[in-house]
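Please read it with the coordinates open.

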Amino acid sequence: MKNSGISIAELENLVEADRVHKRLYTDGDIFELEMDRVFSKAWIFVCHESQIPNPGDFCSSQLARESVLIVRQTDDTIRVLYNRCPHKGTQLTTAASGHIRAFRCMYHAWSFNTDGSLKARPLADAYEGSRLNTDNDDCNLKGIASVESYRGFVFARIHDEGPDLVTWLGEARTSIDNMVDRAPGGALEVVGRPLRYVNDCNWKMLVENVSDNLHALPTHRSASAPAKEMADNISNEGEVPIVLHMLTPFGSPLSFFEKIGQTICGNGHSFTGGEISIHSAYPESEEYNQAMLAAHGEETFRKILSVERHNTVIYPSLSLKCNLQCIRVFRPISVDQTILETWTFRLRGAPEEMLKRSLLYNQTIFSPASIAGHDDNEAFCRMQQGLKSGGLEWVSLHRHMDTETRNTDGTISAPGTSDITYRHEYEAWLAYMKIDGE
Amino acid sequence: MDNRSQHKHPTQFELREELEQFLFYEARCIDEKRWDDWLSLYLEEAIYWVPTDRDQVDPFQQASIVYEDKATLRLRAKRMTHPQAHSLDRRPESTHLISNVMLDEVIDKDFVVYHVSSSFIALGYQEDLRNTQTVYGGRYFHQLVRTDKQLKIKQKKVVLTNCDAPHRNIQILL
């Protein structure tokens, strides 16, 4: 653990109930602490189980600053290994995914079983009598302490202490439930590789933007206004292309965004929407409805599709669109650079048009060439620059300070344009940051 | 197609010249931001595709950087001139260079489709903190159709050399 020289008292002074200090977005030392604390003590999304269905399947991911390999074991469990040969430090693979019987280092041919244990090394007798004899655990690939999966979503935590995954997810797990339940076949499958979008801004800006309902109208007007104009010129409602159904609601009046609401779930998790969202008015697929009816029966089918969540945040690494089967994964690179990964899922047992809809949304909204995402990115870049300004020290989190409804399941709801989710995320952030040491 | 045959038949040479001029004209429309002229080069059923995988055949098995029909391209063009397109406040400039143009295939069924491949480099520039010039490069695969004596684009596939890399904003049209 690095000694940053930033004390807990100093961190506490940067987070107030209704505002946070600009250093949280601009200070490289705070970023390093975030990697040691927030991204090491929280459960971080690493992959989906469908990426590694069979023993020996692996995929690469990022966990805090670490390159890790997620490997399906022969007993069907999942291990997450540091991508580093214990011999000289060489990365074992640079592949995004693959299938192996054993990892074999390209430099001196040490090989490892899928669980990370040393399998063989050339001229092994030269290690006899040394500290690196085979009974030393340092001969093996090192594994990440905690790995758990919830309904196909695999999370890992560098630190071994802390709540189990389900407890930690709390009520936010119901968004994962809803995304999976929307599959008539009861499971999701990742489709291809993700889109990857480099944003020159602090990672928290991307996470916070997910729940920021106040920006959609002013920021995305250049996409929503032409979309509405085009849709209005099509007389037959049935002929309006789905892409216009996707973009037009970004231009909904602020009263709509106020009405959709948002709910905080503990540990920084939250969701926006619930009963309505900007996705509510999409045309329905009769074929999909029939598949869901057949799989679940009328009552369960209606219940699953009545959940209209707009966005869900599993703080700090993941955001879900359960009704569109897209996820956003936040990969911090440095204090002012973040890679946004967006993944698309197939609903098992659903008609292909549902997958096409997910792909269309992902490409239209989250691609590096997106006509909507460009303006989010522009806002992030301008904030990252603006916060370097010396004029003011604080970032506002003041909206709807005391407008809260406590729900029976322990969650708290607030109007859609409240800053409640920002405040909740900083509450979790500070809690992680205050846990010092390994 | 066979290289030698192109030299033996001047009509083939003229055809290649015509196709090449068409590609240059499309690039010029983009570089000069003549969006309506650019759109008019596309058939109503046209597809514009920038895949994330250089070998990708099926656009519905992996998300693409762009996979758009003409209606969405029209929307894209409308946004380019919208006064509140914030990311375009500082107007992005582009210069496209196209080379190595080859007529790969001619399909003559109900109508003639020319499969034309080429290599391109596109310089992009937008005033920002670094004032850097961005370089995009790769291959174009155009499917061109002749309708009423005019060439039109049925499909344009842009395979970036770094199609699978993480990208910053791709603000220029490729």
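This is a predicted model: local features need pLDDT of at least 70, side-chain atom pairs count only at pLDDT 80 or more; totals for chains, interfaces and linings use all residues.

The points below go from the overall build of one chain to single residues.

1. Local features are considered only where pLDDT is at least 70. Side-chain atom pairs need pLDDT 80 or more. Totals for chains and interfaces use all residues.

2. **Overall build of chain A.** Chain A has 16 helices and 23 strands. Along the principal axes, the C-alpha atoms of chain A fill a box of roughly 80 × 55 × 40 Å.

3. **Burial and contact range.** Of the 438 residues in chain A, 47% are buried. Take the contacts in chain A between residues at least 6 apart in sequence: 66% of these join residues at least 24 apart.

4. **Two domains.** Chain A splits into domain 1 (44-150) and domain 2 (170-434). Their C-alpha centres lie 34 Å apart. Domain 1 of chain A gives eight residues to the contact, and domain 2 of chain A gives 11 residues. Which element supplies the largest share of the domain 1 side? Strand S3 (residues 44-48) of chain A does, with three residues. By type, the domain 1 side that touches domain 2 divides into four nonpolar, four polar and no charged residues.

5. **Strand S17 and its partners.** S17(A) is mostly covered, with six of its seven residues buried. Two pairings deserve a look. Strand S16 (residues 269-274) of chain A pairs with S17(A) in the antiparallel sense, over five bridges. In that pairing, Gly274(A) has Glu308(A) in S17(A) as its bridge partner. S17(A) also runs antiparallel to S18(A), and three bridges join them. Here Val313(A) has Ser319(A) in S18(A) as its bridge partner.

6. S17(A) and S18(A) are joined by a hairpin through three residues. Where is Pro316(A)? Pro316(A) sits in the loop between strand S17 (308-314) and strand S18 (318-321) of chain A. The peptide bond from Tyr315(A) to Pro316(A) is cis, with omega near 10°. Please check this bond in your own viewer.

7. **Helix H3 of chain A.** Helix H3 spans residues 28-36 of chain A, and its residues Ile30(A), Phe31(A), Glu34(A) and Asp36(A) are buried. What do the buried residues of H3(A) pack against? They pack against helix H2 (23-26), helix H4 (38-41) and strand S19 (326-334) of chain A.

8. **Positive phi at Leu123.** Leu123(A) is not a glycine, yet its phi is positive, at about 50°. Leu123(A) lies in the loop between strand S10 (118-120) and strand S11 (146-150) of chain A. Is Leu123(A) buried or exposed? It has 8 other C-beta atoms within 10 Å, so Leu123(A) is exposed; the cut-off for that class is 12 or fewer.

9. **Positive phi at Lys33 of chain B.** Lys33(B) is another residue other than glycine with a positive phi, near 55°. Lys33(B) belongs to the loop between helix H2 (10-31) and helix H3 (35-40) of chain B. How many other C-beta atoms lie within 10 Å of Lys33(B)? There are 16, so Lys33(B) is partly exposed.

Notes: Residues are numbered from 1 along each chain as its sequence is written. Chains are lettered from A and ligands numbered from 1 in the order in which they are written. Helices (H or I, at least four residues) and strands (E, at least two) are DSSP runs, numbered from the N terminus. A residue is buried if 20 or more other C-beta atoms lie within 10 Å of its own, exposed if 12 or fewer, and partly exposed in between; C-beta atoms are placed from the backbone. Two residues are in contact if their C-beta atoms, placed from the backbone, lie within 7 Å. Two strands pair if DSSP finds at least two bridges between them. Domain bounds come from an automatic or database domain assignment. Ala, Val, Leu, Ile, Met, Phe, Trp, Tyr, Cys and Pro count as nonpolar, Asp, Glu, Lys and Arg as charged, and the others, Gly among them, as polar.
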